[in-house]
Every structure is written in structure tokens, then in C-alpha cells.
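Subject: Structure handover

Hello,

Please find the structure below, with notes on what was found in it.

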Amino acid sequence: MTSPSGAVADVTIVGGGIVGICCALSLIESGKTVRLIDRERPGQGASSGNAGVISPWSVVPQAMPGLWRNLPRWLLDPGGPVSVRPEHLWKLLPWGLRFLAEANEKTAKRKSEAMSLLTEPCIDLYRHHLKGTGQEALVRDSYYVNVYRDPKKANLDLLDYRLRTALGADIERIEADELRRLEPALSTEFKAAVLIKGQARALSPGRIGEVLCNKFAATGGEVICDEVRSVQMAAPDDWSVSCEQGNFQSHQVVLSAGAWSARLLAPLGIRLPLEGERGYHVMFPETGAGLTNSILDTDHKVVASSMLEGIRIAGMSEFAGLDMPANDRLFAVLRQVASRLIPELTSMRSTTWMGTRPSLPDGLPCIGEVPNLPGLHMAFGHSHYGLMMAPKTGKLIADLVSGRLPNSDLSAFSPKRFG
């Protein structure tokens with residue numbers, strides 16, 4: 001890590017997750033002096049614990065038609081993919097109603113096109129950022145394999161597959177025998193699968209964050225580990241980020257603090273319906289089983305992937321606010337799902353992790369300058385898609401900060417869309 005310089009930077013980035021790191025790299029490529037501040041080691045928070053899927057075809061919104069029919073069952077099932085802590089239920093209700101209002105086919109198609117703008121170049125951009133680091137192999141080509149116990153559900157006419165193919169995805173349905181050849185470690189419970197091709201996977205999301213942060217520092221970026229208390233504008237072109245260790249001055253600020261971004265915006269009079277949506281994973285470090293591709297258990301909404309550290313089983317959506325401890329019951333659920341996915345994992349030792357996704361009710365991030373606060377830019381709210389959307393978000397932020405008009409319609413990500 002570099003130490004504070006005390007100089008006024010062109011840009012201060014608040015939040016060192018994968019989105020903040022990609023913003024930092026694109027900004028420094030644009031010739032800016034850039035300072036990155038995070039309370040932890042950059043890239044090691046929520047960005048490190050995801051399922052590792054790097055997918056140009058992650059263009060299916062969370063709010064899909066028919067969701068309302070499944071939601072009560074999921075919420076009442078202790079092993080369901082979605083849970084809400086009882087003490088958080090009333091606070092979540094307005095967000096949840098707005099989320100459900102988005103669950104229709106017309107809205108899903110519109111949002112899918114917007115999501116594609118951010119996800120389509122993700123593999124190429126990660127390889128661009130990793131070039132010259134000696135760690136290029138951290139991104140590996142693969143399929144995204146959606147596996148089904150009921151073969152009738154492996155239907156390419158489903159809306160989520162139609163959304164992908166409409167944007168150019170190469171998708172194929174396979175039967176159980178071909179799935180066995182492709183992924184022999186999987187349980188024989190699975191009778192069919194859908195292959196989404198043209199994907200990649202991260203062999204270690206946390207390691208990618210570390211490598212890219214080191215590249216940023218090596219190319220002149222400044223990295224500060226500190227707790228950000230507030231962001232304040234003294235005048236246009238004069239911003240102060242107040243931290244425990246002192247104040248840091250810059251001409252512009254990029255706020256990419258994930259689920260904590262709303263707390264920093266509230267003193268500026270900005271209210272956004274940003275929820276902390278917690279995700280969980282269990283890691284099995286000592287298994288001899290291996291997976292060639294990223295696997296989605298479509299029944300449990302859980303992803304399995306082989307990484308440098310072992311096999312990771314990641315999933316769950318828990319709404320509990322930002323300050324509650326992890327829910328041990330959900331780790332137990334993931335271990336049970338893991339044993340059904342890959343029988344060899346049944347008796348294996350595992351480690352656990354929980355992190356918080358920043359989720360807005362329409363499932364899209366905020367990317368752009370804050371109205372009436374020139375020089376303050378939003379780059380947060382990427383929900384389940386942060387790993388895929390981070391590199392393009394970084395390029396768009398670099399264009400906006402540099403005064404270049406992006407050659408894309410960014411209205412779907414406008415900070416003004418919530419009023």
C-alpha cells in the first residue's frame with residue numbers, strides 16, 4: 001500500500017471493491033492522479049466472496065415475471081434462496097414492493113439491454129487490466145452450466161434464455177449422459193443442463209482484486225486504508241473526503257462504497273432506496289473433486305465453481321441490514337446443497353464467508369454525476385452483477401470524469417431515476 005501524499009488528487013475514489021478498483025485503473029489510464037480509499041484491503045470485501053462468474057450474458061434481471069408466485073414459498077422455507085430477518089421486514093417492505101413492481105416481461109427486456117451494455121465486454125476488459133501482471137491465468141474460459149433435476153425445466157423457451165439469445169448468446173441443451181462427461185463430479189440427480197457458452201470464470205476473485213490494486217499502485221495510484229466518515233464539497237472542483245486519519249482533497253470524487261454508499265450520501269440530502277443484500281459462501285479447500293465450469297443449481301439458486309482455494313458454493317439472498325452478524329443457519333443450508341451438488345463434499349471440511357451486495361429495487365446500478373453536486377459521481381448498486389459490470393463501469397466513469405461523452409445511453413443508470 002502507498003502512504004498518504006497530502007497532495008490534491010484529480011480524483012478520490014471512495015470504496016475499494018472491484019468496481020472502485022476498475023474505476024481507478026481506467027482513470028489512471030486516462031491520465032488522472034487518483035487516490036483510492038477503503039477501510040479494508042481493496043478487493044477483499046464483498047468483491048472477494050462472489051461465485052466467480054465472468055459472464056457477458058449475465059443480462060437476466062433478478063425481478064422476473066412470475067417471481068411473486070415463488071417468493072412466499074422461498075421466504076417460508078428455511079432452506080430457500082431468499083430470507084429476511086424479522087426485525088428488518090418492515091424497513092424492507094417499501095423496497096420489496098418496488099422490486100416486485102419491476103417483475104414483468106416488458107421491463108425485463110428493457111433492463112436486459114441495459115445490463116448488456118455493462119456485461120458484454122467484461123472478459124476482454126479483465127484480460128486488458130491483467131495484462132502484464134503475470135496473473136493473466138486468473139481468468140479462464142468456461143461455460144455457465146445450469147443444471148436441472150427435472151429435465152422438463154431445461155427449456156430454452158424460458159424468458160431468461162430468450163433474453164440471452166436475443167443479445168447473441170450461444171446456448172445449448174444437453175442430456176444427463178453428456179453432462180456426466182462434461183462434469184463427472186456432479187451428482188447423478190441432475191438429468192439435463194443448459195450450457196451458456198462464451199463465458200469465463202475467476203480462479204480467485206480476491207486475488208484478482210489484489211493483483212489489480214497492486215497494478216494501480218505500481219502505475220502511480222495512491223491507496224489509503226482508512227475509514228471514510230464523510231464526503232463534502234467546499235466548492236465546485238474542491239472536494240474533501242474526511243477519514244479517521246485526516247482529510248483528503250481532490251477535484252472530483254467517485255463514490256463506489258457498495259451497500260454503504262447511501263450512508264455517505266444521506267448528509268448531502270440524497271436519499272436512495274439502496275439495500276444491503278447479503279450473500280454467503282462455503283469453501284471446501286481439501287477436496288479432490290474438480291469442476292471445469294461454473295455450475296448453477298437451478299433449484300437452489302446456488303453456484304459451484306473450482307477456484308485456487310478449493311470448491312466454492314455461493315448463493316443465498318438475505319436481507320438484514322448492514323450491521324447484523326452472519327446467519328449460521330444459511331451456512332448449514334449451503335453445506336447441505338453442496339453435498340447434493342457434489343457428493344464428495346458431504347464429509348469435507350469447509351470455511352465460511354458472508355458479504356453484502358448493494359442492491360437497488362430495479363436491479364441496476366447508479367452510474368453518473370450526482371445532480372446539483374458537480375464533481376461527485378456514483379458507481380454503486382451492482383447487486384449480483386458487480387464482478388461482470390465492474391470493468392465497463394470503470395471505463396464509463398473515466399469518460400464522465402474526464403468530460404468525454406460516452407457513446408452509450410446511460411439513462412437506465414441515472415442517479416436521478418429515483419426522484
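Asp323 is exposed, with a relative accessible area of 61%. Here exposed means over 50% relative accessible area, buried means under 20%, and partly exposed lies in between (1.4 Å probe, protein chains only).

A word on the source before going on. This is a predicted model, in which local features need pLDDT of at least 70 and side-chain atom pairs count only at pLDDT 80 or more, while totals for chains, interfaces and linings use all residues. Residues are numbered from 1 along each chain as its sequence is written, and side-chain values use heavy atoms, with hydrogens and water left out.

Salt bridges

Asp323 forms a salt bridge with Arg263, at 2.9 Å from N to O. A salt bridge is a side-chain nitrogen of Lys or Arg within 4 Å of a carboxyl oxygen of Asp or Glu. This one links distant parts of the chain, 60 residues apart: Asp323 sits in the loop between β15 and α10 (328-341), and Arg263 in helix α9. Helices (H or I, at least four residues) and strands (E, at least two) are DSSP runs, numbered from the N terminus. Arg263 is partly exposed, at 45% relative accessible area.

How many salt bridges does the whole structure hold? The search finds 20. One of them joins Glu318 and Arg85, with the closest N and O atoms 2.8 Å apart. Glu318 belongs to strand β15 (residues 310-319) and Arg85 to the loop between β4 (82-84) and α3, so this pair ties together parts that are 233 residues apart in sequence. Both Glu318 and Arg85 are buried.

Another salt bridge pairs Glu105 with Arg162, where the closest N and O atoms are 3.8 Å apart. Because Glu105 is in helix α4 (residues 105-119) and Arg162 in helix α6 (residues 159-166), the pair ties together parts 57 residues apart in sequence. Glu105 is partly exposed, with a relative accessible area of 33%, and Arg162 is also partly exposed, with 35%.

There is also a network of salt bridges, which links Arg149, Glu189, Asp297, Asp299 and Arg340.

Pocket and cavity

Rolling a probe the size of a water molecule over the atoms shows where empty space is left. The search uses a 1 Å grid over the protein atoms alone: a cavity is a set of points where a 1.4 Å probe fits but cannot get out, a pocket is an open set with protein on both sides within 12 Å along at least five of seven lines, and lining residues have an atom within 4 Å of a point. Grid points are joined across faces, edges and corners, and a volume is the space filled by probe spheres set on the points.

The second largest pocket has a volume of about 310 Å³. Its lining has 15 residues, and those nearest its centre are His88, Lys91, Leu274, Glu275 and Gly276. Two or more lining residues come from each of α3 (89-101), α9 (261-265) and β12 (275-284). Which element gives the most to this lining? It is α3, with four residues. By type, the lining of this pocket has eight nonpolar, three polar and four charged residues. Nonpolar covers Ala, Val, Leu, Ile, Met, Phe, Trp, Tyr, Cys and Pro; charged covers Asp, Glu, Lys and Arg; the others, Gly among them, are polar.

The count of cavities of 30 Å³ or more comes to one. The largest cavity holds about 30 Å³ of space. Gly79, Gly80, Pro81, His300, Val302, Met316, Val333 and Val337 line this cavity, and they divide into five nonpolar, three polar and no charged.

Two residues have a positive phi without being glycine. Asp237 has a phi near 75° and is in the loop between β9 (228-235) and β10 (238-243). Ser383, with a phi of about 55°, is in the loop between β18 (376-380) and α11 (386-401). Is each buried or partly exposed? Asp237 is partly exposed, at 48%, whereas Ser383 is buried, at 9%.

Helix α11 includes Met389, which is buried with a relative accessible area of 0%. The C-alpha atoms of Val401 and Leu27 are separated by 8.1 Å, though the two are 374 residues apart along the chain.

Regards
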